[in-house]
Amino acid sequence: MSNTTGGVCMESNANNPTTLLELKSVSKVFSKDGKDVLVLENVNLNIVEGEFVCILGPTGCGKSVTLQIVAGLIDQTTGSVELDGREEHGPGPHKGMVFQEYALLPWRSVVENVEIGLELKGIDKQERRRIAMEQLATVGLSGTEHQSVHEISVGMRQRVAIARALANNPKILLMDEPFEALDALTKEEMQIQILKVWEKTGTTILFVTHDVDEAIFLSDRICVMDINPGRVKKMLVNQLPRPRHECMSRTDEAFNDMRDEIISLYSSLKDEELDLII
Amino acid sequence: MVDNKNGTLRSSTPSAQISLKGVTKSFLKGSGRVEAVSNCTLDIAENEFLVIVGPTGSGKSTLLKMIAGFETPSSGEILVGGKPVMGPGVDRGMIFQEYALLPWRTVLQNVELGLEFQLGKRTPQIRERAMKYIDMVGLTYAVNKYPVELSGGMKRRASLAMILVTKPRILLMDGPFNALDSKTKLTLHSEITRIWEQEHNTIIFVTSELDEAVKLSDRIVVMNKAGRISKVFANNLPRPRFGKAALEPAFHHRFIELREAVMDEVKAGAGKVNCAADF
């Protein structure tokens, strides 16, 4: 599946064979100062292969917790997570992670950072260099391979992190506000870059953000979350035409309509909470 | 080294482990070049705890990166153990402000990483050594946690263990405790001192906080806006410098005295910019 909005029409059919990721009644309780706090309540989510889904919501809605549960970094309290029809426990290279902290190893060069997963898997030097170079090309970083990670900009570092995740040929790419620490211009560049990567590789992406425009620009569907307790408020289908990075402006009417629809979902939020997402 | 605990300088004629000789680093800016680091000459002894302070833009981080081998001097020379630095090496471990923990690996797996790359596999020996250093930084209770579950202070500790486990002779630390709350910072100050006393490594530590500089250092190097070393202060305050010892009036007096002297030097070197806000 590639750059169509096709994933959308299969949404209603949970048994569709191309369902890649399925969260069933996932809840999470954290203990805080001896008290149990429900941070995530009964989340159901279905993602089909090749789909680009954004999880959107203000601080405290449990969007990152949801992603961390999918990643296997923390356990859900109840419910289940299935990837490719199999229940998931713990992290693995088949789930590529790109977080806000890009977590590059500073003593390794750009290409050596992309090779980390391959090297730990025991893939021989020539082969891992070939794969790493290919993925650096995918993210538009050919020619920087021997630079140290200090010499490159923060936007480029995040591209290295994406290339590193792709090098493991993951079933799904899990991204937690990956462009949040970047300046506005670089952020926009990176949004275009990730769409290109997605179109080229056809990989499934689950992307957490609190930025409404970002979610609209990127996604096939948006999982809109609410707070107190964190839960899914609505699944929105994003029908905006693709490819978006060449022809779409964020001032288009359709874009604005979508933004209005999302903001109206949050009408019960206080102003300061709303400020966090727009 | 041992006599250090008695409050005297560790050696009157220490052997230079690191030698900076006229080190300069210049960058293109507009139509000309600016010197971020200018003609720095300094010898650093084995097992010394050297702290470099200076206002923002005084080139202290750049100098550290050159010692690490991540950047190359435009002119001058850096020798480690008598040999010129040609690039990064396992003898020098650098700890950055950012954390370099892999999110899909637990604390233990992250600390094992450096050794795993060296050996090409995980072994019980690697695990044992990783556990030793995790214990040293006080993270034993969190060995099986992933980085997303760690606080800022815990992440610093994990990054520190990740570097220490490879046993670098020289530890290069660039504002490693910046942005931590003051309680965590205080704990880490006494812990890095303890680790340094245990491991006998040489530490070069960059910071803009003078309390930190006075508390940790054997010597304090002050850099100015021009990227030059403006003054080197010997720090003869007795160790330990934490807990009860730090409350002794005589100690406290000397502490303040040194801090003020360093502060005056930093201010003098900051040009017209009011750098007092940095401290």
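Before I start on the strands, I need one definition: two strands pair if DSSP finds at least two bridges between them. The model I am reading is predicted.

**Entry: strand E3 of chain B**

I began with E3(B) and its partners. Four bridges join E3(B) to strand E9 (residues 219-223) of chain B, and the two run parallel. In E9(B), Arg219(B) is the residue opposite Leu50(B). I then looked for E3(B) in another pairing. With strand E8 (residues 202-206) of chain B, E3(B) pairs in the parallel sense over four bridges. There, Val51(B) has Phe205(B) as its bridge partner.

Is E3(B) covered or open? Strand E3 (residues 49-53) is mostly covered, with five of its five residues buried. I noted which way they point. Phe49(B), Val51(B) and Val53(B) go one way, while Leu50(B) and Ile52(B) go the other.

**Entry: an antiparallel sheet**

Next I looked up an open sheet in chain B. Four strands make it up, in the order E2-E1-E4-E5, with antiparallel pairing. Its edge strands are E2 (32-45) and E5 (83-84), each pairing on one side only. Inside this sheet I checked E1 (residues 16-29) and E4 (residues 75-80) of chain B, which pair over five bridges in the antiparallel sense. One bridge there links Thr24(B) with Ser75(B) in E4(B).

**Entry: helix H4 of chain B**

I tested the length of this helix. H4 (residues 152-164) of chain B has 13 residues, and at 1.5 Å a residue they should span 18 Å; the end C-alpha atoms are 18 Å apart, so the two agree. I also checked its cover: 11 of the 13 residues are buried. Among them are Met154(B), Lys155(B), Arg156(B) and Arg157(B). What do the buried residues of H4(B) pack against? I listed strand E6 (92-95), helix H2 (107-119), helix H3 (124-136), strand E7 (170-174) and H5, each of chain B.

**Entry: the domains of chain B**

The domain assignment gives chain B a domain 1 (3-91 + 171-191 + 204-278) and a domain 2 (98-167). Their centres, taken over C-alpha atoms, are 27 Å apart. Nine residues from domain 1 and seven from domain 2 make the contact. On the domain 1 side, helix H5 (residues 182-199) of chain B gives the most, with three residues. By class, that side has seven nonpolar, one polar and one charged residues.

**Entry: chain A and its contact with chain B**

I counted the elements of chain A: 10 helices and 10 strands. Of its 278 residues, 45% are buried. At the contact between the chains, 16 residues of chain A meet 17 residues of chain B. On the chain A side, strand E6 (95-99) and helix H3 (116-121) each give two or more residues. That side divides into 11 nonpolar, three polar and two charged residues.

**Entry: the largest nonpolar core**

Which residues have the most contacts inside the largest nonpolar core? They are Leu206(A), Val111(B) and Ala161(B), in a core of 145 residues. Helix H5 (residues 154-167) of chain A gives the most to this core, with eight residues. Beyond its neighbours within four places in sequence, its contacts include Ile47(A), Val53(A), Ile55(A) and Leu67(A).

Definitions and conventions. Residues are numbered from 1 along each chain as its sequence is written. Chains are lettered from A and ligands numbered from 1 in the order in which they are written. This is a predicted model: local features need pLDDT of at least 70, side-chain atom pairs count only at pLDDT 80 or more; totals for chains, interfaces and linings use all residues. Domain bounds come from an automatic or database domain assignment. Two residues are in contact if their C-beta atoms, placed from the backbone, lie within 7 Å. Ala, Val, Leu, Ile, Met, Phe, Trp, Tyr, Cys and Pro count as nonpolar, Asp, Glu, Lys and Arg as charged, and the others, Gly among them, as polar. A residue is buried if 20 or more other C-beta atoms lie within 10 Å of its own, exposed if 12 or fewer, and partly exposed in between; C-beta atoms are placed from the backbone. A nonpolar core is a set of buried Ala, Val, Leu, Ile, Met, Phe, Trp, Tyr and Cys residues joined through C-beta atoms within 7 Å. The expected span of a helix is 1.5 Å times one less than its number of residues.
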